[in-house]
Protein chains: 2
Amino acid sequence: MNYSEEKKEQLNADKKQMLIGLHLGNGYGSQQGAWRMPGVDPKSYTSFDARVKQAQAAERGKFQFIFLPDGPGAVLADIATEAPAFNLDVMLTLAAVARETQYIGLVATGSTTFNEPFNLARQFKALDVMSHGRAGWNAITSSGEDVAANYGKRIPSSEDRYGRAHEVIQLIQSLWGSWGKDAWIHNQETGEFANRNEILPINLQGKYVGSRGPLYIPPSEQGQPIIFHAGGSPNAYELAGRFANVVIGAAFTIEDAKAQRNAFRESAKSHGRNPDEIKYIAGLMTTIVKDRRTALDRRIQLAGDSLVQRLGYLQQMLGIPLNPSKVDEPLTKAQLDTARLSRYDPRSANALKIAQEGWSLRDILAHGVIDYHPVIVGPGVEAADHMQAWFEAGAADGFWISPDVNSDGIDAFVDEVVPILQERGIFHQDYEGRTLRENIGAPEQYGIDPRV
Amino acid sequence: MNYSEEKKEQLNADKKQMLIGLHLGNGYGSQQGAWRMPGVDPKSYTSFDARVKQAQAAERGKFQFIFLPDGPGAVLADIATEAPAFNLDVMLTLAAVARETQYIGLVATGSTTFNEPFNLARQFKALDVMSHGRAGWNAITSSGEDVAANYGKRIPSSEDRYGRAHEVIQLIQSLWGSWGKDAWIHNQETGEFANRNEILPINLQGKYVGSRGPLYIPPSEQGQPIIFHAGGSPNAYELAGRFANVVIGAAFTIEDAKAQRNAFRESAKSHGRNPDEIKYIAGLMTTIVKDRRTALDRRIQLAGDSLVQRLGYLQQMLGIPLNPSKVDEPLTKAQLDTARLSRYDPRSANALKIAQEGWSLRDILAHGVIDYHPVIVGPGVEAADHMQAWFEAGAADGFWISPDVNSDGIDAFVDEVVPILQERGIFHQDYEGRTLRENIGAPEQYGIDPRV
């Protein structure tokens, strides 16, 4: 290492660094049609081998966590042509990954609305022990009537959902803390298995849920799992500010993201916490290919006929009529001059910006302008630039990446984006430790945070 | 192979053969003190490596299944000196085992009383897919108030528990069958992911539970998991006769076991099923050591001081006063002559039989005469003889084995008992197939059995 490299490394060590997570949905990837792409195993949906391999790819890229959303709702609408959106079972998938990875955090969604808290407490803590301290629980409320119907129920009011959510998280953290840190003695000489005085019932009974406890699971290497939350309502800010160390955001612009991030930070402060304890993670969808043209062609191949079907919606975003027979032509100057952006869709400005660059209608759509997160379709440096800009503007503490097609899209990100971020000193060179708390910089916690 | 061997093998092929399962509780073994034994990892309770190794040992012995009981109740009574009775989480444990074994069946208890049926359906089917068709669900009702308290509830009446259990099993089997056998097309050429006409909502709403469905998990190699049941009440006979392919019994004598087995078979018949579709599995606890004396010494070492504390209960079983200061002496002829067996404990006759053999009080207790299943303390041939006698008397279709200490007790059974049973032609030489249905001889089933 020469002098300037050493200096750079030292500077980088002081620099704040971003977090990166991998969104692992149904396993094929985030784009419709991913299951059909050449090189993709069409049976990947049921392949735990494939899930493990994908997690290992993210671990090679030093991602802090994989994130498995869940929402067991309706599947019939698109099943003829598309895979269901989620993993077969998020906990069993993470159990497999826990056994075959060493550092990466393991995060899954578990609804506070349709689970018995004791069961959730037990499975996430068992996963935490199994993974030697790498578990995170994305504690959400369920709001889809299609999900409720699978439980033979209706969705409760927002007040009741969040009321229950607060109780469920408190109860679960209490169960996690019901074995004291040093309770497990397992001394074969003295015959003392556990310190009876450090294993206590919790005896909680709220309006919605209750439990006597204790749980029967000793602490993991990180004590207990970390709480994640996803959502953007005032209720979500309140819940996350109280309990979460990581929030999964959904924003299309730096301004939106900054506003969301600040709202979560303010909420944490109002609960007596250091706002830096809550990390705001913005979404990013990626098609990383060496040049923009090749990347767009990949997206066009993926989307097939469905791409042009979105013209109608693009028309609304731009406020001008678009002619399907001219899908391979750019917008005329007259069209661009009369465009009036939809105020209902925050993605409209980006769509117009891309249109102004002179891309054809098909290419505009292939840029993912109607996708549900910001999209990078191009070489790795474009993703790195985007991430750096957001990160340095205070719009995000990190990103959760949704590759278009997992089978090669994770590797593309790891090989083409991660090294640039590392070179720029804004992403770590290696894992800081073995637990998720160490790797995301979350404070130690056992049981309920005494401040909240 | 010479002529007589060939002939023997042919004869054996026609012979009915027994099933064997391994009871995997907390992982240490079935005897108190197991966690303290020399050679045992005192941290085995949280070691998924250890659970996998134990399952692999059973698979080496061609066991048809491992069986993980569960009942998340109180743990405080014995925690100072003993491990909790169950696995940290039965489903995550089986997920780990599924990834690292190939043939053995994976069975866990899941309560119909305190689980959302949709969640149970999903996890067991995901396990079934993950293990390529090796999952079994021990569908029980929870009856302990200590379990209910962990869910902030009271135990429902027996009528309500079994009423709900019937609905839950029906609903879950319906969800399992909601993807037709050939529904998953995944044809990359045509773009057809699934046959929409073979994936149907179930729209069940009962008195206790309901669900719209469908599930979003395709069939496993065995279609769907197998139902196990454990219990001995009229309600249990009724439930098992309707749904179960395997019942986990608890009987101390051939007569008891025959009566239980026949009751389950009669119940199956009354539901229009072939009684051979329901396999009755008797319990057996084992300390397999080369000779009886060494085996008894192992049990004495395991039990420590707790052994002599059981003298009071032995006294009740035999109906005679026993002197703790004479614990290392056999009963006198006068004592034996005046013994009056307790009619409340079916184990009493066996205790007297062992006493009559001239063993000391300590050795009588070390025979496990107060354990919760029949016990073999001695060389492998004694276990084989016991199993053959029960099997050939029609008292059991198989056995679930609870070794005293798992770390060496599973291997002892595999090395010392299994070869004798195989030699006698009453246990298979190798797995019949890759699925649990193939290996226990359960009929194909998809969705609800149309006969019940």
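Predicted model: local features only at pLDDT ≥ 70, side-chain atom pairs only at ≥ 80, totals over all residues.

Reader: Is strand β3 of chain B buried or exposed?

Author: Strand β3 of chain B covers residues 105-111, and the cut-off for buried is under 20% relative accessible area. By that test, 7 of the 7 residues of the strand pass, so it is largely enclosed by the rest of the structure. The answer for β3(B) is buried.

Reader: Which residues of β3(B) point the opposite way from G105(B), V107(B), T109(B) and S111(B)?

Author: In a regular strand, side chains alternate between the two faces of the sheet. Here G105(B), V107(B), T109(B) and S111(B) point one way, and all residues on both sides are buried. Those that point the other way are L106(B), A108(B) and G110(B).

Reader: Which helix makes a right-handed β-α-β unit with β3(B) and β4(B)?

Author: β3(B) takes part in a right-handed unit with β2(B) and helix α3, residues 90-100 of chain B. With β4(B), β3(B) makes another right-handed β-α-β unit. The helix in that unit, residues 117-130 of chain B, is α4.

Reader: What is the volume of the largest cavity?

Author: Rolling a probe the size of a water molecule over the atoms shows where empty space is left. The structure holds 6 cavities of 30 Å³ or more. The lining of the largest one divides into 2 nonpolar, 3 polar and 5 charged residues, and R242(B) and D449(B) are among the residues closest to its centre. Its volume is about 50 Å³.

Reader: What is the relative accessible area of Y162(A)?

Author: UniProt lists Y162(A) under "binding site", along with D70(A), T109(A) and S233(A), in an unreviewed entry. In the model, Y162(A) is found in helix α6, residues 158-176 of chain A. Y162(A) is buried, and the relative accessible area is 9%.

Reader: How far apart are the end C-alpha atoms of residues 41-395 of chain A?

Author: That span is the one UniProt lists as "domain: Luciferase-like" in an unreviewed entry. The span is 41% helix and 14% strand. Its end C-alpha atoms lie apart by 37 Å.

Reader: What is the omega of the peptide bond that joins G213(A) and P214(A)?

Author: Most peptide bonds are trans. The one between G213(A) and P214(A) is cis, and P214(A) sits in the loop between β8 and β9 of chain A. Chain B has a cis bond joining G213(B) and P214(B) too. For the chain A bond, omega is about -5°.

Reader: What is the phi of K62(A)?

Author: Most residues other than glycine have a negative phi. K62(A), in the loop between α2 and β2 of chain A, is partly exposed at 21% relative accessibility. K62(A) is not a glycine, yet phi is positive, at about 65°.

Reader: What is the relative accessible area of H132(A)?

Author: H132(A) also has a positive phi, near 60°. H132(A) is found in the loop between α4 and β4 of chain A. This residue is partly exposed, with a relative accessible area of 47%.

Note on methods: Residues numbered from 1 in each chain as written. Chains lettered and ligands numbered in written order. Heavy atoms only, no water. 1 Å grid on protein atoms, 1.4 Å probe; cavity = no way out; pocket = protein on both sides within 12 Å on 5 of 7 lines; lining within 4 Å. Points joined across faces, edges and corners; volume = space filled by probe spheres on them. Nonpolar A, V, L, I, M, F, W, Y, C, P; charged D, E, K, R; others polar. Buried < 20%, exposed > 50% of the residue type's maximum accessible area, 1.4 Å probe, protein only. Helix = DSSP H or I, 4+ residues; strand = E, 2+ residues; numbered from the N terminus. Right-handed = clockwise from strand over helix to strand, strands pointing away. UniProt positions renumbered as here; feature names shortened; annotations may be inferred.
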